[in-house]
Amino acid sequence: MPSGTPSATTSATTSGAACDAGPDAAADVRELRRFNRFYTNLIGALDYGRHLYTPFTLTEARVLYEVANHPRVDAADLRASLSLDAGYLSRLLGRFEDRELITRGKSEQDPRRQRITLTEGGREAAGLLEERSQDAAGSLLEQLPAADRARLVDSMRTIRALLGKDAEQGAEDRAPEVGLRTSGPGDLGWMVERNAALYAAEYGFDLSYEALVARIVAEYAEQFDPRWDRTWIAELGGERVGAVMCVRDGRPGVARLRLLLVEPGARGHGVGRQLVDNCVEFAREAGYDEMVLWTNSVLGAARSIYQRAGFELVAESAHHSFGQDLVGQDWQLAL
């Protein structure tokens with residue numbers, strides 16, 4: 001028998017590998033496959049365009065979603081996040097370009113990478129897809145009583161947690177998961193203390209910076225309106241590791257992002273990105289037309305996060321504040 005041809009014994013062993021753990025394991029596999037068939041049929045995955053009355057397949061819709069929700073996305077990012085073959089993705093993007101849904105150009109950060117941007121027509125298509133997807137999901141959930149809906153959502157969280165990328169690692173080896181929540185009692189005081197301590201340690205800011213942060217936080221608490229204002233606290237392993245605010249800027253339709261903070265030990269976990277993305281999403285859903293922020297050029301990591309979220313630098317000027325010579329920067333994002 002040629003060396004590259006499996007024997008009958010090998011084939012039998014391979015095909016029955018899922019059953020090696022006994023009859024219960026085989027039943028579990030059948031149940032998982034049964035669930036997969038049920039769910040793909042439920043959401044119309046095999047005929048997604050007709051299911052949502054759109055001209056897009058499920059993969060095309062997912063690519064549009066990613067580009068629409070990450071204003072500065074590269075082709076390499078899409079390949080990695082969606083696990084798509086490079087050739088297949090290139091052909092898909094080519095079809096989008098032919099239909100004038102996207103434009104492709106060199107990335108500003110790395111000319112070797114290809115930046116993908118939605119056209120006006122692309123934004124309309126993505127918006128329609130999002131609206132119909134929300135309606136379809138809502139129609140499924142509204143059929144259920146509140147208690148059953150809660151059970152379903154909790155079960156879906158469990159599935160994602162167990163079958164996610166870290167499922168093969170032991171619980172003790174898993175990286176702690178970043179969690180975001182809105183602020184509660186004591187969080188605003190913590191923000192003042194941590195901003196003052198970190199900026200003093202990392203940039204030499206003096207007491208005047210702590211005074212500024214305290215005024216910002218006090219004003220937020222005194223004028224808080226849940227429709228327009230929101231603060232998020234990021235947690236990692238149950239500990240507070242970051243925060244950000246969305247507040248009214250004083251001009252109609254303009255939101256301001258303030259006091260982005262990530263603890264040094266939590267950097268590299270995507271905490272800052274998640275905080276900023278949440279802030280932008282809230283501002284957009286609240287009905288703001290524009291989001292602005294002010295920062296200093298020395299804060300390189302924060303500036304990278306703002307750029308990735310789609311903010312553009314619109315002005316900068318030198319100033320002496322907090323005991324340091326700095327260059328202040330105004331950034332802006334159209335919502």
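Colleague: Which residue does the side chain of Arg-194 join through a polar contact of 3.4 Å?

Modeller: In this predicted model, the side chains of Arg-194 and Glu-193 are joined by a polar contact of 3.4 Å.

Colleague: And where is Arg-194 found?

Modeller: Arg-194 belongs to helix H9, which covers residues 187-203.

Colleague: Which residues is Arg-194 in contact with, leaving aside its neighbours within four places in sequence?

Modeller: With those neighbours set aside, Arg-194 is in contact with Leu-261 and Glu-263.

Colleague: Where does Glu-263 lie?

Modeller: Glu-263 is in the loop between S7 and H11.

Colleague: Is Glu-263 buried or exposed?

Modeller: Glu-263 counts as buried because its relative accessible area is 12%, and the cut-off for buried is under 20%. Beyond its neighbours within four places in sequence, Glu-263 is in contact with Trp-190, Arg-194, Leu-198, Arg-240 and Val-241.

Colleague: Turning to the sheet, what is the order of its strands?

Modeller: The sheet is open, with seven strands in the order S4-S5-S6-S7-S8-S10-S9 and mixed pairing. Strand S4 (178-182) and strand S9 (312-321) are the edge strands, each pairing on one side only. From one strand to the next, the twist averages 25 degrees.

Colleague: How many bridges join S5 to S6?

Modeller: Seven bridges join strand S5 (residues 230-236) to strand S6 (residues 239-248), and the two run antiparallel. Within this pairing, Arg-230 has Cys-246 in S6 as its bridge partner.

Colleague: Do S7 and S8 run parallel or antiparallel?

Modeller: S7 and S8 run parallel and are joined by three bridges. Arg-256 stands opposite Val-292 in S8. Together with helix H11 (residues 271-286), S7 and S8 make a β-α-β unit that is right-handed.

Colleague: What about S8 and S10: in which sense do they pair?

Modeller: S8 and S10 pair in the antiparallel sense, over seven bridges. Here Met-291 stands opposite Leu-333 in S10.

Colleague: How many residues of S8 are buried?

Modeller: Six of the seven residues of S8 are buried, leaving this strand mostly covered.

Colleague: Which strands does helix H12 lie across?

Modeller: Helix H12 (residues 300-308) lies across strand S7 (254-262), strand S8 (290-296) and strand S10 (324-334). Relative to S8, helix H12 runs at about 160 degrees.

Notes. Residues are numbered from 1 along each chain as its sequence is written. This is a predicted model: local features need pLDDT of at least 70, side-chain atom pairs count only at pLDDT 80 or more; totals for chains, interfaces and linings use all residues. Side-chain values use heavy atoms; hydrogens and water are left out. Helices (H or I, at least four residues) and strands (E, at least two) are DSSP runs, numbered from the N terminus. A polar contact is a pair of N or O atoms within 3.5 Å; within protein, one must be able to donate a hydrogen and the other to accept it, and residues adjacent in sequence count only if both atoms are side-chain atoms. Contact means heavy atoms within 4.5 Å. Two strands pair if DSSP finds at least two bridges between them. Axes are lines fitted to C-alpha atoms, for helices over the stretch in contact, and angles run from 0 to 180 degrees between N-to-C directions. Buried means under 20% relative accessible area, exposed over 50%, partly exposed in between (1.4 Å probe, protein chains only). A crossover is right-handed if, with the strands pointing away from the viewer, the path from the first strand over the helix to the second runs clockwise.
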